[in-house]
Amino acid sequence: MLPLLWLLVALGGALLAASLRDWLPYLVGGVLASALAIWVLVSTLWPSRPNRNCPKCHREGLVKIRRSQAGVRCELCDFRDDTMHVAYLDDW
Ligand SMILES: [Zn+2]
């Protein structure tokens, strides 16, 4: 039953592609171009969020020890690492 269903879906897709033959390149190009534009927009406008999860207590407590230098500590427990780098933690 299932292969027959897939065959029908494939046949329907082929018929749809045949009926839209003149428009198919524009349709595919439009979908690709808008997907690219949406991807760029979302990547640009999405705010960067640091991963502040502490490796010791597993809660969101990591903060910088000194700004623009490596080294983090946890506000919620006594975790401290002078060499650990967390991306985007300066912006947070
Ligand atoms: Zn912690």
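Select Ser68 to begin, which is found in the loop between strand 1 and strand 2, where strands (E, at least two residues) and helices (H or I, at least four) are DSSP runs numbered from the N terminus. The phi angle of Ser68 is near 60°, a positive value in a residue other than glycine. Because its relative accessibility is 60%, Ser68 counts as exposed; the cut-offs are under 20% relative accessible area for buried, over 50% for exposed and in between for partly exposed, with a 1.4 Å probe and protein chains only.

The model you are looking at is predicted, so local features need pLDDT of at least 70 and side-chain atom pairs count only at pLDDT 80 or more, while totals for chains, interfaces and linings use all residues. Residues are numbered from 1 along each chain as its sequence is written, and side-chain values use heavy atoms, with hydrogens and water left out.

Now select His58, which lies in the loop between helix 2 and strand 1. Phi of His58 is also positive, near 60°, in a residue other than glycine, and His58 counts as exposed because its relative accessibility is 62%.

Next, display the zinc ion with its surroundings. Which residues are its protein donors? They are Cys54, Cys57, Cys74 and Cys77, each through its SG atom, lying 2.2 to 2.4 Å from the zinc ion; donors here are N, O and S atoms within 2.8 Å of the metal (3.2 Å for Na, K and Ca), and water is not among the atoms, so sites may look incomplete. The 4 donor atoms subtend angles of 105 to 117° around the zinc ion, and the arrangement is therefore tetrahedral, a label given to four donors if all angles lie between 85 and 135 degrees. For reference, the ideal angle for four tetrahedral donors at a metal is 109.5 degrees.

Along the sequence, the spacing of the donor residues reads C-x2-C-x16-C-x2-C. Within this set, Cys54 in the loop between helix 2 and strand 1 (62-64) and Cys74 in strand 2 (residues 72-74) link distant parts of the chain, being 20 residues apart. Are these two buried or exposed? Both Cys54 and Cys74 are buried, whereas Cys57 counts as partly exposed because its relative accessibility is 21%, and Cys77 is partly exposed because its value is 22%. If you look for disulfides, meaning pairs of cysteine sulfur atoms within 2.5 Å, the structure holds 0 of them.

Centre the view on Phe79, which, leaving aside its neighbours within four places in sequence, is in contact (heavy atoms within 4.5 Å) with Cys54, Pro55, Lys56, Leu62, Val72, Arg73, Cys74 and Met84.

Finally, zoom out and colour the chain by domain: the assignment gives domain 1 (2-45) and domain 2 (49-92), with bounds that come from an automatic or database domain assignment. The C-alpha centres of the two domains lie 44 Å apart. Select Arg21, found in the loop between helix 1 (2-19) and helix 2 (24-45), and note that it counts as exposed because its relative accessibility is 64%. Between the C-alpha atoms of Arg21 and Glu60, 39 residues apart along the chain, the separation is 54 Å. End at Leu11 in helix 1, whose C-alpha atom is separated by 59 Å from that of Ser68, 57 residues apart along the chain.

Notes. Tetrahedral: all angles 85-135°; square planar, octahedral: opposite > 155°, others 65-115°.
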